[in-house]
2 protein chains.
Amino acid sequence: MRISYRDVKAEILNRIRNNTWPLGSNLPSEIDLAKEFGCARATMNRAMRDLVDDGILERKRKAGTKVKQSPTRRAQFSIAVVRDEVEQAGAKYSYSLIERNVLPAPSWLCERIKMKIGEPVLHIKCMHYSGKHPYQYEDRWVNLDVVPAANDFDFEDIGPNEWLLQQVPFTDGELVFSAINAPEDIARFLKAPVDSALFSIERTTWLEDKSVTYAQLYFARDHKLTSRI
Amino acid sequence: MRISYRDVKAEILNRIRNNTWPLGSNLPSEIDLAKEFGCARATMNRAMRDLVDDGILERKRKAGTKVKQSPTRRAQFSIAVVRDEVEQAGAKYSYSLIERNVLPAPSWLCERIKMKIGEPVLHIKCMHYSGKHPYQYEDRWVNLDVVPAANDFDFEDIGPNEWLLQQVPFTDGELVFSAINAPEDIARFLKAPVDSALFSIERTTWLEDKSVTYAQLYFARDHKLTSRI
DNA sequence: AAGTGGTCTAGACCACATT
DNA sequence: ATGTGGTCTAGACCACTTT
């Protein structure tokens, strides 16, 4: 049977485990290893590239391939649309707009997303529910210069998260996870005690070089985010 | 110039953006697209596989390739060794053991990691510092059946996290992020007010089918975890 | 049965980093 | 200058799914 890149990966991992190639050590070159394994160079290449992607190996031209000193599998999880998140858990999703305003961008916002002070932004506060239970409180700012259509949308029935996805299919972004003591107003909406610990995600999104939106998401008490690694 | 898989990716993303291929729609087959783009099938294949990995496309044999309904870039970040985390931030790392005990596995632990009630486990509590400041409180359980060498190691100078990495180079695992109100003892070590919101990670690790360790990590107040997406 | 993606091969040339 | 990885090509066969 022919050698698959999966077989190659498995064998490389074995050799790291049994200390044939200790942490930090150098591996033979692609070409040599391909010969040894009896596969094409492309197959060996794919296996090794995969392992770089998995956080196990490091490669540099000329310098060669080595086992990372601290192999770290990369955590991977997708931040889905809230609706999907709730529905995948088997619950009924519902949404409710709290507040919608257009106003000039405050200066603190301009430090976070690339836009000029005073330019019009849409500010939205809303709630997401899982069945009857509060699921997430969302506080979002949308750059009207980049997404002018948001000016004409009322967000009464559809959340900004879902709506934006239609307008701007995908984007680059940054996620920041943290914990925060529930402020009074958010606590009320999430039906949580004031000052209880809430899991929070800040999400900044841009398209090319333009900032699209900045959102602070506060999850209901005891929410957990799980990730295979 | 020859067409690179990067060029192909970029063009595919463009066509999704400008609605040539709306969310949920089907793309032409690899072979047809390769012809249109003037590249080899392998190049088109790599581009499309990459986009699957990026969370933009879905592929199924015979059924073909389609744009995902909710494209989600996968968040990726590596959970590093605490020492590296601190040192990369330019601070001096230090470690301090709080408590080290060997005891029979309590039943709640056996529900989380695969081991039998009463089998010996090592329980460690320790602190990680960034300069003078508390950085992380760690509460860890190690399966002595899988890592018997832990029995003979005192963990006075080296944290279990770093030590385990040497013993068990890499592992599969699960991460759970959450927020918690600081209990009294942990608050004391982290120099945070009791009940202040702490960012917490639970980490479960296994090797093949054997559970290696379960750790609860509590970060200092206002700690943030950042991730490109 | 047929269409689509999944993968392997053998060869080639290029790009980069070190010497 | 040289060695190593990065990538493209053209062709082949396989594997899965749907018809």
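How many nonpolar, polar and charged residues make up the surface near DNA strand C? The residues of that surface divide into 5 nonpolar, 6 polar and 12 charged. The model shown in these views is predicted.

**Figure 1. Residues around DNA strand C.** DNA strand C is surrounded by 23 residues. Among the closest are A:Ser4, A:Tyr5 and A:Arg6. A:Ala40 and A:Thr43 also belong to the closest group. Of the atoms of DNA strand C that come within 4 Å of the protein, 65% are accounted for by sugar and phosphate.

**Figure 2. Elements that supply the surface near DNA strand C.** Both chains contribute to this surface. From chain A, helix 1 (5–17) and helix 3 (41–53) each supply at least two residues. Helix 3 of chain A gives the largest share, 4 residues.

**Figure 3**

Figure 4. Chain B holds an open sheet of 3 strands. The strand order is 1-3-2, and the pairing is antiparallel. Strand 1 (26–27) and strand 2 stand at the edges. Each has a single partner strand, so one side of each is left without a neighbour in the sheet. Strand 2 and strand 3 of chain B pair over 4 bridges in the antiparallel sense. B:Glu58 is found opposite B:Lys66 of strand 3.

**Figure 5. Helix 3 against the sheet of chain B.** Helix 3 of chain B lies across strand 1, strand 2 and strand 3 of that chain. Helix 3 runs at about 115° to strand 2 of chain B.

**Figure 6. How the two protein copies are related.** Chain B superposes on chain A by a rotation of 180°. The shift along the axis is 0.0 Å, and the RMSD is 0.1 Å. The two copies are thus related as by a two-fold rotation axis. Of the interface residues of chain B, 100% are also interface residues in chain A, so the copies meet through the same surface.

Conventions
Residues are numbered from 1 along each chain as its sequence is written. Chains are lettered from A and ligands numbered from 1 in the order in which they are written. This is a predicted model: local features need pLDDT of at least 70, side-chain atom pairs count only at pLDDT 80 or more; totals for chains, interfaces and linings use all residues. Side-chain values use heavy atoms; hydrogens and water are left out. A residue is near a molecule or strand if one of its heavy atoms lies within 4 Å of it. Ala, Val, Leu, Ile, Met, Phe, Trp, Tyr, Cys and Pro count as nonpolar, Asp, Glu, Lys and Arg as charged, and the others, Gly among them, as polar. Two strands pair if DSSP finds at least two bridges between them. Contact means heavy atoms within 4.5 Å. Axes are lines fitted to C-alpha atoms, for helices over the stretch in contact, and angles run from 0 to 180 degrees between N-to-C directions. Copies are superposed by least squares on the C-alpha atoms of residues with pLDDT of at least 70 in both.
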